[in-house]
Amino acid sequence: MPPVGARTRRRVRTAALLTLVLLLVGGAATGCGGRATTHHKPGTSHEQATGSVGTLLDAQDPTGHRLREVPAEGAPQVQLAARPDSEDGWNLRLTVKNFRFTPDSTGGAALPGAGHAHLELDGRKLARLYGPWFHLSAAQVPEGAHTLTVRLYADDHTAWAVTGKPIEGTAQLTAAAPGQAGHSHTPPSAQPSPSAPPSSPSPETQADRTVTLTVRDGKVTPAPGRTELRRGERIALRVTSDRADTLHVHGYDKELALPAGQEATLVLTADRTGLFEVETHESRLVLTQLLVR
């Protein structure tokens, strides 16, 4: 039997080891601040993981997104200008302050002065914007006077707000009827005769590949797969949706409004290599994947 002193020292060492194990287990369970937490991406701050900037309000913007209130001083700002395009529609410019577009982190936590914008025509959403420029085609704007609105959103899709009001900018534009001044760019001397209407190339003839897709009752036909392209090829995406939605090509930041029951075509040049998803915003459906080599 070991001496009494040896047994005492052994008990002391055992108790110390047990205390250390309990401390380690307790620290792992409570995390920072002594409360339960989850592990987030290495190198990501606690603020980035929780998105605790500002105050999340119960109030919502006109499209149903909750408002994220921030102080007026240093808050994001946006102005919208619309300039007629020489060929079709209008070129829109967003001038922002205290704000940066972050397409790579959309869907993540709300970070100060970061996110994206929504474009609306008379209160109807047309597109999600990830940069300061956007081309609005004449086909998306009915005849008459209209109000364009851009509204700023955080990466978690909450709407930035000051004093309970969403941060947004507006611009007015008027669309003339087809064939009227402002939409016809053919000199009068070169106007075609009624018996020989001009033939303009369809978007498909300007593309190397055409992919035709249909969305009905929440299902995509044909089933989502991969479309392989060589870098530099042009692809036409022909989409018909049974509900109004927005087409978005990730990585290229290309969007297209999808009117309910009408075919819409987006043509883009595959000038970036990688794997890019094509999806719808509202129904959140993956339509296809573009594999560019």
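Residues are numbered from 1 along each chain as its sequence is written, and side-chain values rest on heavy atoms, with hydrogens and water left out. Because the model is predicted, local features need a pLDDT of at least 70 and side-chain atom pairs count only at pLDDT 80 or more, whereas totals for chains, interfaces and linings use all residues.

Strands are DSSP runs of at least two residues, labelled E and numbered from the N terminus, while helices are runs labelled H or I of at least four residues; two strands are taken to pair if DSSP finds at least two bridges between them. Strand E1 (residues 55-60) is joined to E2 by three bridges, and the two run antiparallel. The hairpin of E1 and E2 has five residues between the strands, and in this hairpin Gly-64 takes a positive phi near 95°. Arg-68, which lies in strand E2 (residues 66-69), has Leu-56 standing opposite. With a relative accessibility of 5%, Arg-68 counts as buried, a class that covers values under 20% relative accessible area, with exposed meaning over 50% and partly exposed the range in between (1.4 Å probe, protein chains only). The side chain of Arg-68 also makes a polar contact, at 3.0 Å, with the side chain of Thr-158; such a contact is a pair of N or O atoms within 3.5 Å, where within protein one atom must be able to donate a hydrogen and the other to accept it, and where residues adjacent in sequence count only if both atoms are side-chain atoms.

Elsewhere, strand E13 (residues 209-216) runs parallel to strand E16 (residues 234-241), joined by seven bridges, with Thr-210 opposite Ala-236 in E16. E16 is also joined by seven bridges to strand E19 (residues 263-269), here in the antiparallel sense, and Leu-237 has Leu-266 in E19 as its bridge partner.

A nonpolar core is a set of buried Ala, Val, Leu, Ile, Met, Phe, Trp, Tyr and Cys residues joined through side-chain atoms within 4.5 Å. The largest such core has 30 residues, and those with the most contacts inside it are Leu-92, Leu-94, Leu-119, Leu-129, Leu-136, Leu-148 and Trp-160. Among the strands that each supply at least two residues of this core are strand E4 (90-97), strand E6 (114-121) and strand E9 (144-153). Another core, of 23 residues, lies apart from it and includes Leu-229, Ile-235, Leu-285 and Leu-290.

The structure holds two aromatic pairs, defined for rings of Phe, Tyr and Trp (its six-membered ring) with centres within 6.5 Å, and classed as stacked for planes under 30 degrees apart, edge-to-face for planes over 60 and tilted for the rest. The rings of Phe-99 and Phe-101 have centres 5.4 Å apart and planes at 90°, so this pair is edge-to-face. Phe-99 is buried at 10% relative accessibility, and Phe-101 is buried at 18%. Tyr-252 and Phe-276 form an edge-to-face pair as well, with 4.8 Å from centre to centre and 65° between the planes. This pair links distant parts of the chain, 24 residues apart, with Tyr-252 in the loop between strand E17 (245-249) and E18 and Phe-276 in strand E20.

Nine salt bridges are found in the whole structure, each a side-chain nitrogen of Lys or Arg within 4 Å of a carboxyl oxygen of Asp or Glu. One of them joins the side chains of Asp-58 and Arg-66 (3.3 Å, N to O); Asp-58 is exposed, with a relative accessible area of 69%, whereas Arg-66 is partly exposed at 34%. Arg-151 and Glu-120 form a salt bridge at 2.8 Å, N to O, and both of these residues are buried. Asp-61, Glu-120, Arg-151 and Glu-168 are linked in a network of salt bridges.
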